[in-house]
Amino acid sequence: RGVVVAIDGPSGSGKSTIGRHLAATRGLAYLDTGAMYRAATWWCREEGVDLDDEDAVRRAVAVMPLEMRTDPAQARVVVGDADVTDAIRTTQITTIVSKVATNLGVRAWMRVRQRSEIADALRVEGSFEGRGIVAEGRDITTVVAPDADVRILLLAREDARLARRAREVHGSDDDDAIAATRDQVLRRDADDSTVSTFTVAADGVVTVDTSDLDLQQAIAAVEQVVAE
Ligand code: C5P
């Protein structure tokens, strides 16, 4: 039987980079669930749906033609015939994604879709020959895959998360870049606080603090948890 690795963490904890790397080195599928919420947000905008109309958002997402390509070497997000992999990373989407992600109807739909992606990666006749998957997000260890073989919560101090995001978005972690990142990161944490708070790890979830680790060290720390 294949393996399911669930990784949760706030933005800037390193979960995407580490999750993708882990999947690639182990020959596993990779599912970025944050990208699914981003794609739903992109789709609602495209369809002209009022994000304050919860029922309209739920109905729009229910018919979204979303395709997650889970090969970690070429992970793409496709909606209908549009490859939205880059379009879902804009500040515009990042600023409003929490509104879609806190919609309970949307979350119920996502839970079903995410579980079916996980089941697919465990199917012997599937593209990953049943080897399994790394799925990362905010509620994978607790809600989507609480029975995963390995469950990891990646945490990092606020200063470390801000510095990482500043380097990603502005290519620098000087004071100006951090100031430009701070509002966005902290406001999104607050907006997401009904779905994820990350104050305590759930039972059986291993916490890895990446604050003082570089990427190689963080990968090694996660690899060690997976190997145990
Ligand atoms: O990780 P990323 O920044 O791409 O996530 C985008 C947003 O998707 C988060 O801010 C959160 O609102 C939502 N999300 C979620 N549950 C997940 C993953 C992401 O609510 N499992």
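Tutor: Start with Asp 214, which counts as partly exposed because its relative accessibility is 44%. Keep in mind that this is a predicted model. Partly exposed covers the range between the buried cut-off of 20% and the exposed cut-off of 50%. Asp 214 sits in the loop between β8 (206-209) and α9. Now look for Gly 14. Gly 14 and Asp 214 are 200 residues apart in sequence. In space, their C-alpha atoms are 9.8 Å apart.

Follow the chain from there into two helices. Helix α1 covers residues 15-26, and helix α9 covers residues 215-227. Their axes come within 10 Å and cross at roughly 60°. That angle is why α1 and α9 count as oblique to each other. The crossing of α1 past α9 is right-handed. Which residues of α1 and α9 meet? From α1 come Thr 17, Ile 18, His 21, Leu 22, Thr 25 and Arg 26. From α9 come Leu 215, Ala 218, Ile 219, Val 222, Glu 223 and Val 226. Sort this α1 and α9 contact by class and you get 7 nonpolar, 3 polar and 2 charged residues.

A packed pair of helices is described by two things: the angle between the axes and the distance between them.

Helix α7 runs over residues 158-170, and helix α8 over residues 175-191. Their axes come within 9 Å and cross at roughly 115°. So α7 and α8 are roughly perpendicular to each other. The crossing of α7 past α8 is right-handed. On the α7 side, the contact uses Glu 158, Arg 161, Leu 162, Ala 163, Arg 165, Ala 166 and His 170. On the α8 side, it uses Ala 177, Ile 178, Ala 180, Thr 181, Arg 182, Val 185, Leu 186, Arg 188 and Asp 189. These residues of the α7 and α8 contact split into 8 nonpolar, 2 polar and 6 charged.

Stay with α7 for a moment. Its 13 residues should span 18 Å at 1.5 Å a residue, and its end C-alpha atoms are 17 Å apart, so the two agree. The buried residues of α7 are Ala 160, Arg 161, Leu 162, Ala 163, Arg 164 and Ala 166. Part of their cover comes from α8. After α7 comes Gly 171, with a positive phi near 70°.

Helix α2 (residues 33-46) has 14 residues. From first C-alpha to last it reaches 20 Å, close to the expected 20 Å. Is α2 mostly covered or mostly open? Mostly covered, with 11 of its 14 residues buried. Among them are Met 36, Tyr 37, Trp 42 and Trp 43. Arg 38 is buried too.

The axes of α2 and α3 come within 10 Å and cross at roughly 105°. That makes α2 and α3 roughly perpendicular, therefore, to each other. Here Ala 40, Trp 43 and Cys 44 of α2 meet Val 57, Ala 60 and Val 61 of α3. By class, this α2 and α3 contact has 6 nonpolar, no polar and no charged residues.

Move on to Met 64, in the loop between α3 and β3 (66-69). Its relative accessibility is 5%, so Met 64 counts as buried. What does Met 64 touch beyond its neighbours within four places in sequence? It is in contact with Ala 39, Ala 40, Trp 43, Val 79, Trp 109 and Met 110. Thr 25 lies elsewhere: Met 64 and Thr 25 are 39 residues apart in sequence, and their C-alpha atoms are 31 Å apart.

Now step back to Asp 55 in helix α3 (residues 54-62). With 39% relative accessibility, Asp 55 counts as partly exposed. Asp 55 and Val 106 are 51 residues apart in sequence, yet 9.5 Å apart from C-alpha to C-alpha.

Finish on a backbone detail. Most residues other than glycine have a negative phi. Glu 129 is not a glycine, yet its phi is positive, about 50°. Glu 129 lies in the loop between α5 (104-121) and β6 (132-137). Its relative accessibility is 53%, so Glu 129 counts as exposed.

Notes. Residues numbered from 1 in each chain as written. Predicted model: local features only at pLDDT ≥ 70, side-chain atom pairs only at ≥ 80, totals over all residues. Heavy atoms only, no water. Axes fitted to C-alpha atoms, helices over the stretch in contact; angles between N-to-C directions. Helix = DSSP H or I, 4+ residues; strand = E, 2+ residues; numbered from the N terminus. Parallel < 35°, antiparallel > 145°, perpendicular 65-115°, else oblique. Left-handed = near helix turned anticlockwise from the far one by under 90°. Contact = heavy atoms within 4.5 Å. Nonpolar A, V, L, I, M, F, W, Y, C, P; charged D, E, K, R; others polar. Buried < 20%, exposed > 50% of the residue type's maximum accessible area, 1.4 Å probe, protein only. Expected span 1.5 Å × (residues − 1).
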